[in-house]
Amino acid sequence: MRHMAKAKKAPSGSSAHAKSSRHSQANSQRKKPLAPPHPAQRGGVEMVDPRVQAQLKLYDEALALFHQQKFARAKQELEKVLEGPSKELADRARMHVKIAEQRMKPSHEQNPRTAEDHYQRGVAMMNIGRWDDARESLLKARKAAPKADHIHYALATLDCLTGEADSAMANLKVAIELRPENRYHARNDEDFAFLQEDPRFTELLYPEKDGAAG
């Protein structure tokens, strides 16, 4: 909140007018907001635009519903995220919308046949902690679609959850090579907390830091 100085009657005369003018100009300069030197960022998204802030809030709320397996409500919130200005957040939301739609299907429609079916089953198994089943499905998905970046990304997250650092790094590297946007997703993905202290993880996700250091 800005505090405005109480107005006073200016004395007559050109000298008083000039003094009042200088006082007004000084006030104007003092009230001018300073831009932050480094805009806050999350996953590569600059948090300056209030519309992006609102979009991110919706995305976080939708993800919370998604992880609670409230897929119908999560899908509704994710679709609102698609209308926001950030393309990156919209891309993430779109991916989760597809998964939510798959989870909402009747069980007889979830028998995996294609690479995407195996992927969806793998993610579902991962979410309930059935690591072996998740790995089996994701490996089948990768075999059927070796150039699908989201399958490699899912395997990387599974590796983190099961403590396989080397495999996680290898899968994440491929996922980023196939789709560079995955670098930004991984920066803000809590599933990769296991790798936070690994220098290889930092080098992979923040290559610009190496460039600046060199």
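The crossing of α7 and α8 is left-handed, meaning that the near helix is turned anticlockwise from the far one by less than a right angle. The model here is a predicted one, where local features need pLDDT of at least 70, side-chain atom pairs count only at pLDDT 80 or more, and totals for chains, interfaces and linings use all residues. Residues are numbered from 1 along each chain as its sequence is written, and side-chain values use heavy atoms, with hydrogens and water left out.

Staying with this pair, the axes of α7 and α8 (residues 165–178) come within 8 Å and cross at roughly 155°. That makes α7 roughly antiparallel to α8 (the label for angles over 145 degrees). Axes are lines fitted to C-alpha atoms, for helices over the stretch in contact, and angles run from 0 to 180 degrees between N-to-C directions. Helices themselves are DSSP runs (H or I, at least four residues), numbered from the N terminus. On the α7 side, the contact (heavy atoms within 4.5 Å) uses Asp149, His152, Tyr153, Leu155, Ala156, Asp159 and Cys160. From α8 come Ser167, Ala168, Asn171, Leu172, Val174, Ala175 and Leu178. Sorted by class, that is 9 nonpolar, 3 polar and 2 charged residues; Ala, Val, Leu, Ile, Met, Phe, Trp, Tyr, Cys and Pro count as nonpolar, Asp, Glu, Lys and Arg as charged, and the others, Gly among them, as polar.

Helix α7 (residues 149–161) also packs against α6 (residues 131–144), with axes that come within 10 Å and cross at roughly 155°. So α6 and α7 are roughly antiparallel to each other, and α6 passes α7 in a left-handed crossing. Among the α6 residues in this contact are Trp131, Leu138 and Arg142, and α7 brings in Ile151, Leu158 and Leu161, among others.

Over at α3 (residues 71–81) and α4, the axes sit 9 Å apart at an angle of about 155°. That makes α3 roughly antiparallel to α4, and α3 passes α4 in a left-handed crossing. Contact residues include Phe71 and Leu78 of α3, plus His96 and Val97 of α4. By class, the contact has 8 nonpolar, 1 polar and 4 charged residues.

Then there is the largest pocket, which holds about 910 Å³ of space. Of its 33 lining residues, Tyr59, Met95, His96, Tyr153 and Asp189 are the closest to its centre. Helices α2 (50–67), α4 (87–103), α5 (115–127), α7 and α9 (182–187) each supply at least two lining residues, and α4 gives the most, with 7 residues. The lining divides into 12 nonpolar, 9 polar and 12 charged residues. On a 1 Å grid over the protein atoms alone, a pocket is an open set of points where a 1.4 Å probe fits, with protein on both sides within 12 Å along at least five of seven lines, and lining residues have an atom within 4 Å of a point. Grid points are joined across faces, edges and corners, and a volume is the space filled by probe spheres set on the points.

Definitions and conventions
Parallel < 35°, antiparallel > 145°, perpendicular 65-115°, else oblique.
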